[in-house]
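Hi,

Here's the structure I promised to pass along. Have a look at it first, and my notes follow below.

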Amino acid sequence: MTRWYIEKKKEHFYKEAKRVGYRARSAFKLKQIQNKFKILNIGDIVIDLGAAPGGWSQVAKEIVGKKGKIIGVDILPIKPINEIEFIQGDITDKNTIQIIKQKMGNRKADVIISDIAPDISGNYSIDHARSIWLCEKALDTAKTLLKHGGNFVCKLFDGEDTKKIIQQIEQCFSSVKRFTPQASRKRSSEIYIIAKSFIKK
Ligand SMILES: C[S@@+](CC[C@H](N)C(=O)[O-])C[C@H]1O[C@@H](n2cnc3c(N)ncnc32)[C@H](O)[C@@H]1O
């Protein structure tokens with residue numbers, strides 16, 4: 001794929017996001033994940049980790065509908081969206097997990113989606129290691145807050161430790177696949193792990 005084509009594709013998703021009112025181009029990545037893997041259902045309770053500025057939460061809300069519930073979490077503040085609850089907090093901090101728990105009452109989540117990305121340093125090994133660490137934290141969150149049979153999606157920057165984290169995820173879910181949505185940039189190393197049917201131990 002030429003650089004020209006990659007930039008055109010990026011521009012296409014950016015314009016399309018503006019046109020339909022999504023806050024981020026990344027909204028289309030979740031749409032493509034949903035089309036292929038059907039991770040979200042009407043009425044689901046969904047926790048969106050790394051939710052700012054809110055594109056994935058918008059798409060998730062469209063899918064789960066009025067009876068569903070979305071809780072978005074990010075270190076950054078997120079401008080309010082009707083019927084979506086946002087929490088400003090760091091998911092590596094136990095207090096944040098406590099706050100999410102409180103918001104959920106006694107219920108567990110049907111789906112946890114994580115598009116969390118570390119601040120990019122430009123050093124590939126460091127960025128990969130940070131993304132794996134954040135993926136582990138998202139997995140810990142899933143182990144605490146996901147219902148038996150629930151689904152989990154997690155972004156990471158591909159690299160030498162990808163296999164290890166996939167093995168960890170495989171211990172907790174019936175089906176685990178890796179996926180690169182078309183809306184991801186060709187030059188980017190980001191991949192998504194799609195894990196279905198959580199096995200609560
Ligand atoms: C690629 S953006 C998410 C885009 C979002 N999915 C959307 O569609 O609008 C990644 C987000 O992860 C957040 N993030 C990074 N580390 C985090 C952490 N430890 N806890 C919570 N959010 C974090 C960043 O602040 C950033 O907003």
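Where is the place of Asp90? Asp90 belongs to the loop that runs between β3 (84-88) and α4 (94-104). Before you read on, bear in mind that this is a predicted model.

I started with the surroundings of that residue. Asp90 is partly exposed, because its relative accessible area is 31%, which falls between the 20% and 50% cut-offs. If you leave out residues up to four places away in sequence, Asp90 touches Ile75 and Thr96. The Ile75 pairing is worth a look on screen: Asp90 and Ile75 are 15 residues apart in sequence, while their C-alpha atoms are 5.1 Å apart in space. The side chain of Asp90 also makes a polar contact, at 2.7 Å, with the side chain of Thr92.

Now to the ligand. There are 21 residues around the ligand, and Asp90 is among those that come nearest, together with Ser26, Gly55, Asp74 and Asp115.

A few distances to check in your viewer:

- Ser26: an N or O atom in its side chain is 2.8 Å from an oxygen atom of the ligand.
- Pro53: here a backbone N or O atom lies 3.3 Å from an oxygen atom of the ligand.
- Asp115: an N or O atom in its side chain is 2.8 Å from a nitrogen atom of the ligand.

As for cover, the ligand has 610 Å² of accessible area on its own, and the protein covers 86% of that. You'll find the ligand in the largest pocket.

Cheers

Conventions:
Residues numbered from 1 in each chain as written. Predicted model: local features only at pLDDT ≥ 70, side-chain atom pairs only at ≥ 80, totals over all residues. Heavy atoms only, no water. Helix = DSSP H or I, 4+ residues; strand = E, 2+ residues; numbered from the N terminus. Buried < 20%, exposed > 50% of the residue type's maximum accessible area, 1.4 Å probe, protein only. Contact = heavy atoms within 4.5 Å. Polar contact = N/O pair within 3.5 Å; in protein donor to acceptor, adjacent residues only side chain to side chain. Near = heavy atom within 4 Å. Areas by Shrake-Rupley, 256 points an atom, 1.4 Å probe, with all protein chains shown as cover. 1 Å grid on protein atoms, 1.4 Å probe; cavity = no way out; pocket = protein on both sides within 12 Å on 5 of 7 lines; lining within 4 Å. Sits in = over half its atoms within 2 Å of the grid points.
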